[in-house]
Amino acid sequence: MSKTRYKNQKESNEEIAKAYIENDYTNSQNKLLLVSKANYGKKSSNVCYSSVDDKGMNFYELNNNAEQNLMLIERYEWADFSSVTIDHSITKSAFTFVGHGENRDITIEVKGKEVEHVIRNHSSMEVNVVKSPVWTKVLGYRSQTSWKMFAASTIYTLILLFILNALLPASTHNFITGLSLFLFLLSIIGFLVGLIKPKWVLPKFKVKTRKRVLFSYLYLILSCLFIVGIFSDEESTSTPASTQVSSSQNSVTVASKKDGADSSKQKVEKNDSDNAVKEEKKQKAEEQAAKEEAKQKAEEQAAKEEAKQKAEEQAAKEEAKQKAEEQAAKEEAKQKAEEQAAKEEAKRKAQEQAAKEEAERKAQEQAAKEEAERKAQEQAAKEEAERKAQEQAAKEEAERKAQQQAASQQATTSSSTSNSGNYKPFENDPSDDQQSNMSCSGQIKGNKNSKIYHVPGGAYYDRTQDNIVWFCSEADAQAAGYRESQR
């Protein structure tokens, strides 16, 4: 990109730099993000520009006398640094890059926060932003040098005082001037005391030195003098003018009085007759009457206006009272309506609660009724099952008795045919109650101690295991002196 091209197009230096850098990035794999004026720590009479991309930062030097306006001077890669400390001010931002080798101090104008955003999004560096009060970013306070801050404060105070002088009314100037003189005396006293004991006059400062006293109280003294000088000049300049106006007015008044006296003297000399005197008296009387009449009319007019004003005030009061009463009535009606609505809401809620409780009670009654019906059905089913079980048991008992009856008849028949007269009941061993030890096929089990016999199917038939005497039939058991078990 040649020097001739930019001269013909009459572009600014910034436009030239931006165009050159965009052209330089045309064939680059890096993505150009922004261009800004910069200072990378090397003193040069030429203007420097930086191009920030996703991988790092290029620095160019602008030289209008060279064949190429912009020349690439240096490049920094984000990967070469581990952390960066950023100090933002109003017009520029100072970047301190810390890497494995030498650190780099770079100053970016205007677009410092945008560069910070790029570093955060496109690098793994640790970003540390210096947090300082806003006033330290103002011109004159950034270096924290005492004499620079003193000079800046003085200049800013003068500018502020001129602005206040233009805005504040002239009636407040005397008060401001008097207050400034009082503060001026206090500042001188504080200054003298501070030179001896700084901590007595610097209660709010952490650093309490004579140097701090010198700058602080000298600033107060100068500020008070500035206030007195600015706010008192207008009064001093306005006083002669007013004096001149009043003197001119007095001279005009004296001249007019002198002319009037001369004219009246001439008139008296010329009109010395009685008629002239009478006419003059008559004229004066008429003038006096006219004045009194005008005065009376003015008084009547004033009385009318006063009465009208009082009537309007009374009407306004009555109207205000009426409005207040109407407002009170509206508020009372609104309050009553709200109370009525609250009552109706409470009544509705009570009805809903009652309906809810009634529904719950009915549901409980229905549930209780259904539970009772279920229990009744279960009881009926249980009774029906017990009845059927009893019938089944009775039927089985009848069948068992029929079988026993048939067995006893058969046993009786067989015993009658055999030599049953010589039969003797078999008494087994207490530990053996098996039928195989019997001398007959009967199944009647008797207890030798209780003299009770049990038939098969009886409640105690299987429980009787000791002192057993076996019988072939119930008749044999009864003949041996045993009685039948009741269960």
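The expected span of a helix is taken as 1.5 Å times one less than its number of residues. In this predicted model, helix 5 (residues 173-196) has 24 residues, and the distance from its first C-alpha to its last is 35 Å, close to the 34 Å expected at 1.5 Å a residue. The buried residues of helix 5 are H173, I176, T177, S180, S187, G190, F191 and G194. An α-helix has 3.6 residues a turn, so residues three or four places apart point the same way.

The chain as a whole contains nine helices and 13 strands. Of its 487 residues, 23% count as buried. Where contacts join residues at least 6 apart in sequence, 51% of them are between residues at least 24 apart.

Eight strands make up an open sheet with mixed pairing, in the order 4-3-2-1-7-6-5-8. Strand 4 (70-77) and strand 8 (126-129) stand at the edges; each has a single partner strand, so one side of each is left without a neighbour in the sheet. From one strand to the next, the twist averages 30°. Strand 1 (residues 32-39) pairs with strand 2 (residues 47-53) in the antiparallel sense, over five bridges. S36 has S50 of strand 2 as its bridge partner. Helix 3 (residues 112-122) lies across strand 1, strand 2, strand 3 (56-62), strand 5 (81-88), strand 6 (92-99), strand 7 (104-109) and strand 8, and runs at about 30° to strand 6.

Eight aromatic pairs are found in a search of the whole structure. In one of these pairs, the ring centres of F59 and Y76 are 5.4 Å apart and the planes are at 65°; an angle over 60 degrees counts as edge-to-face, so the pair falls in that class. This pair links distant parts of the chain, with F59 in strand 3 and Y76 in strand 4, 17 residues apart. Residues under 20% relative accessible area are classed as buried. F59 is therefore buried, at 0% relative accessibility, and Y76 is buried, with a relative accessible area of 6%. Y76 also forms an edge-to-face aromatic pair with F81, at 6.1 Å centre to centre and 90° between the planes. F81 counts as buried at 10% relative accessibility. F59, Y76 and F81 belong to one aromatic cluster together with W78, F95 and F97.

How values were computed: Residues numbered from 1 in each chain as written. Predicted model: local features only at pLDDT ≥ 70, side-chain atom pairs only at ≥ 80, totals over all residues. Heavy atoms only, no water. Helix = DSSP H or I, 4+ residues; strand = E, 2+ residues; numbered from the N terminus. Buried < 20%, exposed > 50% of the residue type's maximum accessible area, 1.4 Å probe, protein only. Contact = heavy atoms within 4.5 Å. Pairing = 2+ DSSP bridges. Axes fitted to C-alpha atoms, helices over the stretch in contact; angles between N-to-C directions. Phe/Tyr/Trp six-rings, centres within 6.5 Å; stacked < 30°, edge-to-face > 60°.
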